[in-house]
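Dear colleague,

Please find below the structure that I am handing over to you. My findings follow it, and I would ask you to read them with the model open beside you.

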Number of protein chains: 2
Amino acid sequence: MIQKIITPDINQWDALCKRPAIDTEDLNGLVQQVFKEIKQNGDVALKKYTQLFDGSNPAEVMVSQEEIAVAIAQVPNDLKAAVQLAKANIEKFHAAQAEEKQVIETVTGVECWRESRAIEKVGIYIPGGSAPLFSTVLMLAVPAAIAGCKQIVLCSPPDKQGNINPAILYAAQLSGVTSIYKVGGIQAIGAMAFGTQSITKVDKIFGPGNQYVTAAKQAAFANGVAIDLPAGPSELLVIADATANAEFVAADLLSQAEHGADSQVVLVSDNEVLVNQTMQAIDVQVAHLPRKDIALAALQNSRAIVLKDTQACMAFSNAYAPEHLILATADADALADKVINAGSVFIGNYSCESAGDYASGTNHTLPTNVYARSYSGVSLDSFVKKITFQKITAQGLQNIGPAIEIMAAAESLDAHKNAVTIRLNTLKNV
Amino acid sequence: MIQKIITPDINQWDALCKRPAIDTEDLNGLVQQVFKEIKQNGDVALKKYTQLFDGSNPAEVMVSQEEIAVAIAQVPNDLKAAVQLAKANIEKFHAAQAEEKQVIETVTGVECWRESRAIEKVGIYIPGGSAPLFSTVLMLAVPAAIAGCKQIVLCSPPDKQGNINPAILYAAQLSGVTSIYKVGGIQAIGAMAFGTQSITKVDKIFGPGNQYVTAAKQAAFANGVAIDLPAGPSELLVIADATANAEFVAADLLSQAEHGADSQVVLVSDNEVLVNQTMQAIDVQVAHLPRKDIALAALQNSRAIVLKDTQACMAFSNAYAPEHLILATADADALADKVINAGSVFIGNYSCESAGDYASGTNHTLPTNVYARSYSGVSLDSFVKKITFQKITAQGLQNIGPAIEIMAAAESLDAHKNAVTIRLNTLKNV
């Protein structure tokens, strides 16, 4: 069960912010072997490893239009409507992130601006297994489509019958995925990193996965393919005071804990009574969960910390840098202004993490494992490059050229200086 | 000298886009050894390696205010004025990149928005050696200061006398660096990644460096510290037609070639005459350069490619994905709209790369080595996290809650569903 810690000394905070170590080095040999075979044998290697790792032997790697049509017919209408609502909200929130071109004339005759250009080819990895993560399809494919990515490739491992879950295919079709492949794990990441006969090489790979996928994404990155975020187990920190509802807080902590045994759950409060009530509510609620064992295992690593006031709670949260942060306090709005490090923040008693996980419109692909100190979550920005442009007139170069000549000379870069001098000289002769 | 290739078949493009392989794996053992000693011995390890690698033994690791004052007095006034002009332009361009908070009500009662929060502690690495790269100090410290980073740490190796170049100290002081340390190479990156008695641990490390610095930054990244960009040699691709000035083009190509023997220079043109004139102009200009040997070595890896029209030239450029792209053609504006992959684009005959390297206002820290397909250059965005916030009212949750319940159940995540159900139930009872 959750470990309760009352007013720890600030010297203990570092230890209380520690995440379990992730080590994927043992898997590097396997990743290199699979990558090598994919580079050499392409689709043949994919088939081999899909048989070996997934025990599946689909006739074709690519999902056909017919399969998609059949799958869509199988998705219940209420689920379709829910996915459509979520998609509309994600679309609205991410479309608003588009940046207008804004030309800045830094000096007369020197115009500079940025333009967003879509990453041409992106790959989305969606894990298989018990829970078909179609919500992650929306979170990655919707902004990719808004950005204008030309190819949006999706890979997901097939089940034993050679199929991908219908809800994943429905979400992919709805949100603009251009091709879907029945391949998972290391071999999927390798296929998107290097390309095969069937699968296009992509410029950036997105999506969650187990330790094999994580190790493969790291290796893909070392091979020149960008990745969305460094990997780590999912995390939630809740700051709650006496005005919070212990049942709600318990439900939120459990929603995080059910993700995996390595999930991190932290409750920080200025009120020990609320902490005790929450721990009791967890006991009651966890008993009914299908993923009870996973949640209980995650709670073993988890902490409830009592600090002197909500300001101290916020300071601890900034030190911890949680992926998700719920503010369930009377002063939640004021606390939100104090957030320095977090992936996504949920303000007030009705803003549960589940809302952001599925349907409010924000993205659920967020920095974990202290990377919230330095990384943003996935957004429209993740699917574009913001390219700088500049257009300098003869007069503009006359305005800044002498400064460039002096600086280049001081850096001992005479050819840099000369590129200006040779132009300014022609202008002197006019 | 530059290799000339006339209308290569499109099947050859892949090979023509190849960069030399970078391999830092051999250095990993050394990096791990230095990092281990820094973690164990802190400043003592820094002193040891500064003596060993830089042959320098400064009394203090930190540069004092007195040293800065003395250094500033040594910087010539014309260089100070040039640096101030460059700083003002960089500031103007980067300040305009700040994002306004924009609240999106995706559904009634569901408000979502992003807020930029500065990365608290950033580290800037500035190499030592022959060319004191004070321009890079401006490019990294100015946006860090605009973002509001609380600690802006700068590390640069001392010379044999234990000093850092005065122009670097001047630029650092001018642009808001909060502390400057006399430490270089692997040990500087390790100190910023782990912290020592003197040097603060930072959240993100920026700046260029040799293969040792590159290997150390990769290792720091593996230890949870973000880095600016994957490393690679600097590159320039020029698209020039008959209206271009061969002398200007030659000067631009040489300004890139003088960076290092591994620099990449590519001229693409629809006009063989212009290519020949440019190659002749290079011959003339290179003879006078102090860094002639470096430039000549870089030209050995370089290519001049003739294609049928400027559209084909642009298509090649997009396949190559250059760090810097100069458009010296009659249709430069129209070509600029076709740019898909590039770090920074220079439009027209007076927009030389040197302008962006120093003083126009755009950033010169840009993606290399095909990463321009997926990465933006450094900007204000590089120094902030864009954190998502959401505030959902009771009515808002009633609007999206049922969709969340259906989706969570379909993903077999019952605790996610329960976090909504438990709230909706209390509202039913009101």
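A search of the whole structure, which is a predicted model, finds 0 disulfides over all chains. A disulfide here requires two cysteine sulfur atoms within 2.5 Å of each other.

How are chain A and chain B related? A rotation of 180°, with 0.0 Å of shift along its axis, superposes chain A on chain B with an RMSD of 0.0 Å. The two copies are therefore related as by a two-fold rotation axis. Within chain A, Glu99(A) has the C-alpha nearest this axis, at 4.5 Å from it. Both copies use the same surface, since 100% of the contact residues of chain A recur in chain B.

Next, I turn to the division of chain A. Three domains are assigned in chain A: domain 1 covers residues 25-227, domain 2 covers 232-376, and domain 3 covers 393-428. Between the C-alpha centres of domain 2 and domain 3 of chain A, the distance is 56 Å.

Thr7(A) is not a glycine, yet its phi is positive, near 30°. In chain A, Thr7(A) belongs to the loop that runs between strand E1 (3-6) and helix H1 (13-16). Thr7(A) counts as partly exposed, because its relative accessibility is 48%.

The second residue is Ala321(A), which has a positive phi of about 60° although it, too, is not a glycine. Its place in chain A is the loop between helix H13 (310-320) and strand E12 (324-328). Is Ala321(A) buried or exposed? At 0% relative accessibility, Ala321(A) counts as buried.

Yours sincerely,
A colleague

Technical notes. Residues are numbered from 1 along each chain as its sequence is written. Chains are lettered from A and ligands numbered from 1 in the order in which they are written. This is a predicted model: local features need pLDDT of at least 70, side-chain atom pairs count only at pLDDT 80 or more; totals for chains, interfaces and linings use all residues. Side-chain values use heavy atoms; hydrogens and water are left out. Copies are superposed by least squares on the C-alpha atoms of residues with pLDDT of at least 70 in both. Contact means heavy atoms within 4.5 Å. Helices (H or I, at least four residues) and strands (E, at least two) are DSSP runs, numbered from the N terminus. Buried means under 20% relative accessible area, exposed over 50%, partly exposed in between (1.4 Å probe, protein chains only). Domain bounds come from an automatic or database domain assignment.
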